[in-house]
Amino acid sequence: MLSGSLLFKQFREKEVGTITLYLQYIVNGLTLGAIYSLIALGYTMVYGILKFINFAHGDILMVGAFIGLIIYNALTGGEAADPGAWTILAFFISMLASMGFCAILGMAIERIAYKPLRNANRLAPLLSAIGVSFILSNGAAWIFGTQSRRFPYPFENEPIHIGAITITPHQIVIIVVSVVMMVLLTSFVSKTRMGKAMRAASLDQSTSMLMGINVNRVISLTFAIGSALAAVGGILAAFDFRVYPSMGTMTGLKAFVAAVIGGIGNIQGAMIGGILLGILEAVGAPLLHIPNGMRDTVAFAVLILVLLVKPEGILGKNEREKV
Amino acid sequence: MSEILKIDGISVSYGNIRALSDVSMSVNEGDIVSLIGANGAGKSTLLKAIVGLEPLKEGSIAFAGETICKAKHHGGLTTDLIARRGIALVPEGRRVFADMTVEENLDMGAFMVSDQALIAKRKNDMFELFPILGKRKKQKTRSLSGGEQQMMAIARALMSGPRLLLLDEPGLGLAPLVVQNIFSTIKLINEENKVTVFLVEQNARLALKSSSFGYVLENGRIVLQDKGEALLQNERVQKAYLGA
């Protein structure tokens, strides 16, 4: 009997250990997912209005990370700087500056590479986007070199222990910044005149023109906002993933998967899809004993599953309803 | 009375198919003018041409004495700029923003208005004109019935305070009683708000009864034009459109 209860105790301890381990994975997944969400928003907003996948969007996050890093290093002296109030302030300054830069870059790309093709074959803007993607990543390699750079933490990144779960200040920053961005975006599209015009244009472009809405301006604004959010995603990802010219490729692709899972064209869908994908990836890989180097498999397996079971995504609408 | 809309010899083609050939017509300020014709006669095309959604192959369109649409590239204004001049179109099939609430749809109608007090006043006017919209203002527009959506579309167009209201088949697919109701509202809007109305309709009797002047469009050409009552008495109109 004694040995029996000892066995039971051991079993319970193991089980509790497993639960906390998975809670830890969920926390990690949440932060990864928040980054996917920020980037997925750009894909989904552009798709909502233009029914077009901006394949250069992933590279915008790379540009955002580089610009953020350069400004941060210029302000603080980079690695040599001691983390403190000034480095944290400098970090947010460089994030805002990078958002501004990427917003302008996004609008310029739309003007030069997509707008002239708006009435062309559907394939043309897609190919143009792939071209832009290569130009951005090769351009970055040319200017900055191909070696990866570290984005120094602007704060002491000492892990904080809450019970058995560990969370780093970096993870907290990711979650707080992402939540702030998503709340701002949500209130922008639901409360402001331009935000509502953006929704109207994605529902029915020619009717919104009848309301006096300048659809070209709405499209520019959409690219600006999407690109600024990608810059934030790129900078937040940079601490863990480092900064290098092809950093946007896989993260961008997975954010696109997140947008599809959530229902492409739907803003809330992109937020949910990103978080969900992050968690599934962080939990699914250890659960299915997928080696770390192959954990990207999870995202794409989920994508295929969603496409098979609910092709319009979680919050997406069946296209047939659109008539 | 002054001429508010002047269409001068316009032609519109879809590829090799001529949708409108050499159409000329005019609408006087303060009037209700209707254009009747069968399905596929080119009625909707004409309205779309006026707001710049269909490019002209020939001819021109002037609003309040200024050219807004012209044949050839960069001849006319873009649709949003034409709307800003004071033309509102209630499109065929209503085209409400289904995923937005009734109130948000009205906000979109008032996109060009910057005076918040004026927007609030117009919203109240609309809720008085169409009480059902006031009751449903927080509902998604997709939950409205066809008749309610038509009222929504008209209210949305009026939010901008247009000088000229274009209506594309406001009675299409609605119950006769609802259609009557909508037409009497259109008359009310015309009389009280001094909005000039140009409407396109398959229901010729109702349209001509409400109009001071009418045009008949067949195969993309204007074949008849006269006072509303005169057209109602016209033998050709009676045979083709009134089932007499």
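This is a predicted model: local features need pLDDT of at least 70, side-chain atom pairs count only at pLDDT 80 or more; totals for chains, interfaces and linings use all residues.
**Notebook: helices and a chain contact**

My opening note is on two helices of chain A: H3(A) passes H4(A) in a right-handed crossing.

H3 of chain A covers residues 85–114, and H4 of chain A covers residues 123–144. I remind myself that a packed pair is described by the angle between the axes and the distance between them. Here I find an angle of about 130° and axes 10 Å apart.

Which residues meet where H3(A) and H4(A) touch? From H3(A) I noted A:Ile109, A:Ala113 and A:Tyr114, and they meet A:Pro125, A:Ser128 and A:Val132 of H4(A).

Then I turned to helix H6 of chain A, residues 193–203. Is this helix mostly covered or mostly open? Mostly covered, I find: eight of its eleven residues are buried. I wrote down the buried ones in H6(A): A:Lys196, A:Ala197, A:Met198, A:Arg199, A:Ala200, A:Ala201, A:Ser202 and A:Leu203.

Last, I checked how the two chains touch. Chain B brings 20 residues to the contact and chain A brings 16 residues. On the chain B side, helix H2 (79–85) and helix H3 (102–109) of chain B are the elements that give two or more residues. I sorted that side of chain B by class too, and got eleven nonpolar, three polar and six charged residues.

Definitions and conventions:
Residues are numbered from 1 along each chain as its sequence is written. Chains are lettered from A and ligands numbered from 1 in the order in which they are written. Two residues are in contact if their C-beta atoms, placed from the backbone, lie within 7 Å. Helices (H or I, at least four residues) and strands (E, at least two) are DSSP runs, numbered from the N terminus. Ala, Val, Leu, Ile, Met, Phe, Trp, Tyr, Cys and Pro count as nonpolar, Asp, Glu, Lys and Arg as charged, and the others, Gly among them, as polar. A residue is buried if 20 or more other C-beta atoms lie within 10 Å of its own, exposed if 12 or fewer, and partly exposed in between; C-beta atoms are placed from the backbone. Axes are lines fitted to C-alpha atoms, for helices over the stretch in contact, and angles run from 0 to 180 degrees between N-to-C directions. A crossing is left-handed if the near helix is turned anticlockwise from the far one by less than a right angle, and right-handed if clockwise.
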